[in-house]
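Subject: Structure handover

Hello,

Here is the structure for your files. Please have it open while you read the notes that follow.

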Amino acid sequence: RGGLSWQMSSNWRNDEIDFNAIARQAEAEFLSGESFSSATSLEDTFCTADTLEHGVKYVNAALDSYGIGSPQRPLRLVGAAAAEPDEVARTVNCFYALLQQRKRDAEFREQAAGSQRRLQQDADLLRSAQARLRDQVEQLERDLVAQRAKESKLTASFKVDKDKLAAELQEVTKRANMLEHRDTQYQ
């Protein structure tokens, strides 16, 4: 059958029900896709007319843990509507569902904040990597300009040396021709 199935705690103290175990089980079943609206009878809900006093105690404690209620002024639903305990049980179930939603919302906010922190850290790392790479590119561009200037100087020096060697070669060839011509004249 659909809905929530409750197990009583084997650890009974003063005939009390372990509402923490029930709450954990309800939360697990709620998160698995089932909700209180799918309950088919009052015995499948968190609180019934029979467990009303304990349900109210649990809701008061939960409200106090969230800072909403006050231990000095707890909810007094049991005495206010003793003639209609089923209505009070439905109200306690609504409180319980709201408290569970608040718990899930708080967990979601914590996860979102954690994700935001991680994304911010990643963005900071990327910005620092980008700055470091930008500095490297600027340094490499300066090195490239220096290498091009050096290459230009070496190219100019090579051209001057080449022109000198070409002139010397031409001079040596001219003298060799003159010497050869004189040798032939004297023979």
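Just after α2, Gly67 takes a positive phi of about 80°. The model is a predicted one, in which local features need pLDDT of at least 70 and side-chain atom pairs count only at pLDDT 80 or more, while totals for chains, interfaces and linings use all residues. Residues are numbered from 1 along each chain as its sequence is written, and side-chain values use heavy atoms, with hydrogens and water left out.

The chain overall

The protein chain has 4 helices and 0 strands, in the order α-α-α-α along the sequence. Helices (H or I, at least four residues) and strands (E, at least two) are DSSP runs, numbered from the N terminus. Of its 187 residues, 20% count as buried; buried means under 20% relative accessible area, exposed over 50%, and partly exposed in between (1.4 Å probe, protein chains only). The chain exposes about 14400 Å², with 53% of that supplied by carbon and sulfur atoms; these areas come from the Shrake-Rupley method with a 1.4 Å probe, and for residues only the protein chains shown count as cover.

α2 and α4

α2 (52-65) has 14 residues and spans 20 Å from first to last C-alpha, close to the 20 Å expected at 1.5 Å a residue. α4 (residues 85-186) has 102 residues and spans 147 Å between its end C-alpha atoms, close to the expected 152 Å. The expected span is 1.5 Å times one less than the number of residues.

The two axes come within 10 Å and cross at roughly 30°. Axes are lines fitted to C-alpha atoms, for helices over the stretch in contact, and angles run from 0 to 180 degrees between N-to-C directions. α2 and α4 are therefore roughly parallel to each other (angles under 35 degrees count as such).

Residues of α2 that meet α4 include Leu52, Val56 and Leu63, and those they face in α4 include Val88, Val92 and Leu99. Leu52, Val56 and Leu63 are among the buried residues of α2, and Val88, Val92 and Leu99 are among those of α4.

Ala49

Ala49 lies in the loop between α1 (19-31) and α2. Because its relative accessibility is 31%, Ala49 counts as partly exposed. Leaving aside neighbours within four places in sequence, Ala49 is in contact (heavy atoms within 4.5 Å) with Pro85, Asp86 and Ala89. Its C-alpha atom is 7.8 Å from that of Val88, 39 residues apart along the chain.

Regards

Note on methods: Parallel < 35°, antiparallel > 145°, perpendicular 65-115°, else oblique.
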